[in-house]
Amino acid sequence: MSSRQVVKKIFANFENSNDGVIRQGITKSDHELLDPFVSLAEFSVSPPGGFRDHPHRGEVIFSFLLYTYTKPTLFYNGGLIHQDFNGNKGTVHEGDVLWTTAGRGIIHSEMPKEHTNIGLQLWVNLPSSDKMIDPANVEISSSEMPVAYEEGVEVKVIAGVSMGVQSPFYTRTPIMFLDIILQPRSQTHQTIPETWTAFAYVLDGNEGVFGSSDSYAVQAHTLVVFGTGDEVSVWNTSNYRPLRFLLIAGEPIGESVVQHGPFVMNTQAEIDRTIWDYRNGQNGFEMAN
């Protein structure tokens, strides 16, 4: 096995808005390096903030609710209430994932039920042949996600496979989406297809070492981009504190990407047409009002 080395580290800085607090890990400047991934954002929202009615086209959105709390030691079973213009509605609770295929167009909202909700949203590009498919929603509860174990390692397999444990959920753009907890002084070596793009995002813990055992530790809220190889190695060098991170990988699409806010297409002409469709309620946005 050839271990992937770290080629770039991106610290996700705070961005405050009326909707909540956002940490943006992937931006437009990273599209070529991280194909097929378009955006990664860690968010913190509480009432009356939230993500009100807004459109999407051309990508798949994974909204992963990490936890809900009011004080660092006091947890609640809160959630994000989501609904869209096709009549789908539900609540995503702690540990759940809302998987939205925007396709040709969708307008939806994600609003906090109560308290402060911490989560992460990943946008995955669709190939040009799939950008105008019908939109769809899938709610994945935490209990439906298989978990892989080995000594000191726990992996929730949201998409893809880890240690022989396969997620039952198929993604149109092939990806791996793993939620990994390493106990103190533990390590893991995860196999990844050699041609896939791969990165990690550190959620909690400041003593994670990625790529090689003599690398510098990475702090929380940092995105770690890996080079080529067929394995990712991670060590938790802490004596006391677990390390939690997401390991995400995907098959590159290899097409041009033009992003305008929540619209992800291949050309500027397609973006212009998408804006026209949205404003005029047509070609996928007929239910906009």
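1. **Ground rules.** Because the model is predicted, local features need pLDDT of at least 70 and side-chain atom pairs count only at pLDDT 80 or more, while totals for chains, interfaces and linings use all residues. Residues are numbered from 1 along each chain as its sequence is written, and side-chain values use heavy atoms, with hydrogens and water left out.

2. **The annotated binding site.** An unreviewed UniProt entry carries the annotation "binding site" for His54, His56, His108 and Glu110. These residues span 57 residues in sequence, yet no two of their C-alpha atoms are more than 13.1 Å apart, so they gather at one spot. Do keep in mind that UniProt positions are given here in the numbering used for this model, that feature names are shortened, and that annotations may be inferred rather than shown by experiment.

3. **His54.** This histidine sits in strand S5, residues 51-56; strands (E, at least two residues) and helices (H or I, at least four) are DSSP runs numbered from the N terminus. A polar atom of the His54 side chain lies 2.6 Å from the backbone oxygen of Arg52. The side chains of His54 and His56 are joined by a polar contact of 3.3 Å. A polar contact is a pair of N or O atoms within 3.5 Å; within protein, one must be able to donate a hydrogen and the other to accept it, and residues adjacent in sequence count only if both atoms are side-chain atoms. Not counting residues up to four places away in sequence, His54 touches Ile106, Ile107, His108, Ser109 and Glu110, where contact means heavy atoms within 4.5 Å.

4. Buried means under 20% relative accessible area, exposed over 50%, and partly exposed in between, using a 1.4 Å probe and protein chains only. Beyond four places in sequence, the residues His56 touches include His108, Trp123 and Phe285. Glu110 belongs to strand S11 (residues 106-112) and counts as buried at 2% relative accessibility. Among the contacts of Glu110 beyond four places in sequence are His54, His82 and Gln121.

5. **Salt bridges across the chain.** The structure holds 6 salt bridges, each a side-chain nitrogen of Lys or Arg within 4 Å of a carboxyl oxygen of Asp or Glu. One of them pairs Asp30 with Lys8, the closest N and O atoms being 3.3 Å apart. That pair links distant parts of the chain, 22 residues apart: Asp30 is in the loop between strand S3 (21-26) and strand S4 (37-45), and Lys8 is in strand S1 (residues 6-11). Asp30 is buried at 3% relative accessibility, whereas Lys8 is partly exposed at 34%. Another salt bridge brings together Asp179 and Arg244 (2.8 Å, N to O). Here the partners are 65 residues apart, with Asp179 in strand S18 (residues 175-182) and Arg244 in strand S24 (residues 243-250). Asp179 is buried, with a relative accessible area of 6%.

6. **A salt bridge within a helix.** Asp277 and Arg273 meet in a salt bridge of 2.8 Å, N to O. Both lie in helix H1 (residues 268-280), 4 residues apart, about one turn of the helix. Asp277 is buried at 0% relative accessible area, while Arg273 is partly exposed at 44%. Salt bridges that share partners join Arg57, Arg273 and Asp277 into one network.

7. The annotation "domain: Pirin C-terminal", from an unreviewed UniProt entry, covers residues 178-284. Over residues 178-284 the chain is 12% helix and 43% strand. An open sheet of 3 strands runs in the order S19-S23-S21, with antiparallel pairing; two strands pair if DSSP finds at least two bridges between them. Strand S19 (187-191) and strand S21 (208-210) stand at the edges, each with a single partner strand, so one side of each is left without a neighbour in the sheet. S21 is joined to strand S23 (residues 231-236) by 3 bridges, and Phe210 has Val234 in S23 as its bridge partner.

8. **Thr171.** This threonine is in the loop between strand S17 (165-166) and S18, and is buried at 9% relative accessible area. Its side chain reaches the backbone oxygen of Thr173 at 3.0 Å, and a polar atom of that Thr171 side chain lies 3.4 Å from the backbone nitrogen of Ile175. Leaving aside neighbours within four places in sequence, Thr171 is in contact with Phe62, Trp99 and Ala159.
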